[in-house]
Every structure is written in structure tokens, then in C-alpha cells.
Amino acid sequence: MPITGRQLPLLAGAASLLIAPFLFIGGPDWASGPLLKSAWNLGHILLFALLTLAVRPWRWLSGWRLWLGVTAVLLAVGIGIELIQSGQNRDVDGQDLLRNLIGSWLIIAWRPMLMPRTRASACQGLIAATATLLLCFELGTTGIVAARQWQIHHQLPLLYDFSHQNPEPFWTGSPAVSANHSVNHPHSLKIDLGTGTYSGVSLNNLPADWRGFERLTITLFNPSAEPLALTLRINDVAHDRSDHAYNDRYNTRLALGPGFNTFTRNLADIENAPNGRFMDMSQIRRMGLFAVRLPEPRTVYLSDLRLD
């Protein structure tokens, strides 16, 4: 039986009530991967499209007043939601405000285009096309993330693809692409180390499943004549969702002499590193490389990072 005009707002309202709690409970956390976070964000568009269908603001407003009124209300509601989420230790994302608006704008823009016996104007068509382009941009962003994650999953045995021109989607700590001191790769990563308590980088977006491999190999170049001590830390998803205890992850010291330094670590040692449990080698989440309390700033180059 086809859905009637009276049933649609009721169904949209019921669906909104089912979806709305997930703004505050469940969903991705700090340990979740980029694709889940990106896909989850699209829920804002769906929720506010359904809410617009349920409330039907065109019953009271029309023309520019409809657009201005809905936009103002959604901005106020969206800011309130973000403030509540920040109090629940959830990530605050200003882009969510735009996603809320896109969901509502889509309904308002396309309603005149789809109404029977109504001829939409060229201006209304342009507005509908603009709203659709905004939706396509959000969908495209998630598609790009999906393609990147597929590439990461299939790049093993490399843990990082040194052909990337922008390391930002993969690393924190601001490593820079460099043409110097690369090993069988187009580039290396230049890592500037400061004098803070901890200074370094973290690979947060990497292949998670290390099963089937035996060793981790990392090659670093120290351009100084002075030795340099670094710490390598590795943890799985379970560690991210715990209290981050030092003995719940893998930690090892890397002593760099001048020039190239290649280190090999057995994955069995990494698996057995957490106290009282085994590291989940199918869910490796982060790899950090850092120095502790350096007396002066130093630079090191990451030239190779792979499993064997």
C-alpha cells in the first residue's frame, strides 16, 4: 500500500525518534577508524531530513522566511547538541552543524520540485541542485575515506605508503615529506623533535591486521653525529579503550647512531607485551615514535616501515 501524505510525517517522526538517541549514545569512539566516523556523520543528514518531514515548517512559513527560520533554529539546536556532546567526552565537530542544515535544506528545496500539479521555478531548481551538490560533497568525502582505507588495508607489508604527498590523514605530530634519505621509496618522512617531555609522531591510520607476519622492520636516518634515543610504542584497540597503562602496550628503546639505522622486532614479542593478556594482532591501532626530554631540538628521518 503506498504511503499517503498524512502517513509520511508520522513515519518520519517515528524514524527520527529512533535515530535521535544515537547523537548522544553509541557510535564511534576515540579508538574507532576513520571510515566508521565518516559514515556515522552522515546520520546527521538523515536525521534532520526526517525531522523536517515530520515537523513540516512550511505550514507556518514560506519563501525566504522559511529558509531563514529553519536555518536559525537548526543552528541553535545544533550548537546545543554539540555542547551536550562535549560534556559527555564525545568529539565536537562543527561540520555537524552543516550536515544538519543539509538534511533540512534538501527537503525544503526538493518539496516544490516534487509536488504534483506544481511547476517549480528556475530559482527553485537552482536551490535544489545546490542542496544536492552539498549532499554529494558529504557522500564524496566518505567515499574518499573509504577508498583510502581500502588502500591502507591492501598496502601490506608496508605499514605506511611513502608515496603520499600529505601525511596528515595518517600521522599526528606533523611529520613532513622529504626527498632526503629515502630507502626504496619516493620520499621519507622528516620528524622534528622538540625539547618537551615527549616529542614525536604517531601513526594512527595504518593496516590493523598484522597476523601472518613475523617481524616489524623500521629504518631511520639520524643526520647528526650525535646518537639519539627514541621510544617505539605500539598498541591495539583494546588498549585505546582502557586506562592506557604503560604495561598494557609494547614499548621498546631504539638507539640511533649517525646515518641509517635499521631495527627489527619480532611480532611475537609485541603480541606478548601487554601484562595479563595478548595484544590483538588483528586490531593494531597506533604506533608512536618519540623522544623524551631532549636537551636540544633534533631531526630524524623515517625511511622505511614494514612487516616481514
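1. Helices here are DSSP runs of H or I with at least four residues, and strands are runs of E with at least two, both numbered from the N terminus. On that basis Leu 42 lies in the loop between α2 (34–41) and α3 (43–55). The protein as a whole has eight helices and ten strands.

2. This is a predicted model, in which local features need pLDDT of at least 70 and side-chain atom pairs count only at pLDDT 80 or more, while totals for chains, interfaces and linings use all residues. Residues are numbered from 1 along each chain as its sequence is written, and side-chain values use heavy atoms, with hydrogens and water left out.

3. What does Leu 42 touch, leaving aside its neighbours within four places in sequence? Leu 42 is in contact (heavy atoms within 4.5 Å) with Glu 138, Leu 139 and Thr 142. Leu 135 is 93 residues from Leu 42 in sequence, but the two C-alpha atoms are 9.3 Å apart in space.

4. Over the whole protein, take the contacts between residues at least 6 apart in sequence: 76% of them join residues at least 24 apart.

5. The radius of gyration, taken over C-alpha atoms, is 25 Å. A compact globule of 308 residues would have a value near 19 Å, by the rule of 2.2 Å times the number of residues to the power 0.38. The C-alpha trace spans about 80 × 45 × 40 Å along the principal axes.

6. Buried residues (under 20% relative accessible area, 1.4 Å probe, protein chains only) make up 40% of the 308 residues.

7. Rings of Phe, Tyr and Trp (its six-membered ring) are paired if their centres lie within 6.5 Å; planes under 30 degrees apart count as stacked, over 60 as edge-to-face and the rest as tilted. The count by this rule is six aromatic pairs. One of them joins Tyr 160 and Phe 162, edge-to-face, at 5.1 Å centre to centre with 80° between the planes. Tyr 160 and Phe 162 are both buried.

8. Tyr 160 also pairs with Phe 170: the ring centres are 5.7 Å apart and the planes are at 70°, so this pair is edge-to-face. Tyr 160 and Phe 170 both lie in the loop between α6 (122–153) and β1 (171–172), so the pair ties together parts that are ten residues apart in sequence. Phe 170 is buried, as is Tyr 160. Ring pairs link Tyr 160, Phe 162, Phe 170 and Trp 171 into a cluster.

Note on methods: Buried < 20%, exposed > 50% of the residue type's maximum accessible area, 1.4 Å probe, protein only.
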